[in-house]
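Please look at the sequence and model below before reading on.

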Amino acid sequence: MTSYVLPLRWTAPGPIEELADYLRGLNGEVEEVLVVDGSPSPLFERHGKALRGAARHLRPDPDLDFRMGKVNGVLTGIRECRHEHVVLADDDVRYEAAALRRVVALLDVADLVRPQNYFDRLPWHARWDTARSLLNRVFTGDPAFPVGDFPGTLAVRRSAFLASGAYDGDALFENLELMRTIRAAGGRVLTPLDL
């Protein structure tokens with residue numbers, strides 16, 4: 001059983017209807033979708049209407065106030081979700097069904113899975129980031145995670161996350177901080193370069 005947690009914080013109107021359609025399409029692939037939304041009112045209310053029937057829409061827990069606001073959403077989502085397998089994804093991540101099934105299946109043998117980024121449209125910034133992603137697949141410069149990209153989505157076992165004591169939401173590169181925290185707590189991190 002899988003929970004899909006999406007931290008969201010928009011300061012201007014965005015493509016919320018497209019995001020809601022994508023999340024509705026996850027029905028059958030995951031059992032629960034949570035959008036933890038730190039957007040200001042009235043955007044929060046607009047998002048709630050659009051996400052009705054697609055996701056459980058909630059605000060970050062009031063006791064969380066990290067510099068990296070995404071972490072407030074991640075921690076709230078982990079606290080609130082009901083399932084052991086959790087997919088954490090940015091609002092611009094779109095899983096194909098087979099990739100989502102595989103990342104979740106790998107959580108049967110790992111505590112954290114880091115799939116690889118790729119762009120299916122290539123405006124200039126995506127070309128730039130694709131070059132960075134390809135170089136990271138060869139060598140990251142990080143001794144703990146020498147190869148593989150640092151994606152906008154991770155899959156984690158909820159129990160491993162909670163046992164690790166969570167992670168530092170004030171660290172600049174929060175996904176790397178989460179990977180390091182799970183590993184430091186004795187968790188197994190997988191980097192499938194073909195996912």
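How do the residues of the lining of the largest cavity divide into nonpolar, polar and charged? They divide into six nonpolar, three polar and two charged, where Ala, Val, Leu, Ile, Met, Phe, Trp, Tyr, Cys and Pro count as nonpolar, Asp, Glu, Lys and Arg as charged, and the others, Gly among them, as polar. This is a predicted model, in which local features need pLDDT of at least 70, side-chain atom pairs count only at pLDDT 80 or more, and totals for chains, interfaces and linings use all residues. Residues are numbered from 1 along each chain as its sequence is written, and side-chain values use heavy atoms, with hydrogens and water left out.

**Cavity**

- The structure holds one cavity of 30 Å³ or more; on a 1 Å grid over the protein atoms alone, a cavity is a set of points where a 1.4 Å probe fits but cannot get out, and lining residues have an atom within 4 Å of a point.
- The largest cavity has about 40 Å³ of space, a volume being the space filled by probe spheres set on the points, with grid points joined across faces, edges and corners.
- Its lining consists of Lys70, Val74, Leu88, Ala89, Asp90, Gly152, Thr153, Leu154, Tyr167, Asn175 and Leu178.
- Two or more of these lining residues come from each of α3, β4 (85-89), β6 and α7; helices (H or I, at least four residues) and strands (E, at least two) are DSSP runs, numbered from the N terminus.

- The largest pocket holds about 1,100 Å³ of space; a pocket is an open set of grid points with protein on both sides within 12 Å along at least five of seven lines.
- Its lining has 32 residues, and Asp92, Val93, Arg94, Tyr118 and Phe119 are the closest to its centre.
- α5 and α7 (174-184) are the elements that give two or more residues to the lining of the largest pocket, and α5 gives the most, with four residues.
- The lining of the largest pocket comprises 14 nonpolar, six polar and twelve charged residues.
- The second largest pocket holds about 260 Å³ of space and is lined by 13 residues, with Pro7, Leu8, Arg9, Gly69 and Lys70 nearest its centre.
- β1 (2-8) and α3 (69-80) each supply at least two residues of the lining of the second largest pocket, and the largest share, four residues, is from α3.
- Five nonpolar, four polar and four charged residues make up the lining of the second largest pocket.

**Nonpolar cores**

- The largest nonpolar core has 32 residues, among which Tyr4, Leu23 and Val103 touch the most other members; such a core is a set of buried Ala, Val, Leu, Ile, Met, Phe, Trp, Tyr and Cys residues joined through side-chain atoms within 4.5 Å.
- The elements that give two or more residues to this core are β1, α1 (16-24), β2 (32-37), α2 (43-51), β4 and α4 (97-106), and α1 gives the most, with five.
- Beyond its neighbours within four places in sequence, Val103 is in contact (heavy atoms within 4.5 Å) with Val87, Tyr95, Val113, Pro115, Ala155 and Leu195.

**Gly148**

- Gly148 lies in the loop between α5 (124-138) and β6 (153-157).
- Gly148 is buried, with a relative accessible area of 0%; buried means under 20%, exposed over 50% and partly exposed in between (1.4 Å probe, protein chains only).
- Not counting residues up to four places away in sequence, Gly148 touches Arg114, Gln116, Asn136, Arg137, Thr140, Thr191 and Leu193.
- The C-alpha atoms of Gly148 and Leu193 are separated by 6.4 Å, although these residues are 45 residues apart along the chain.
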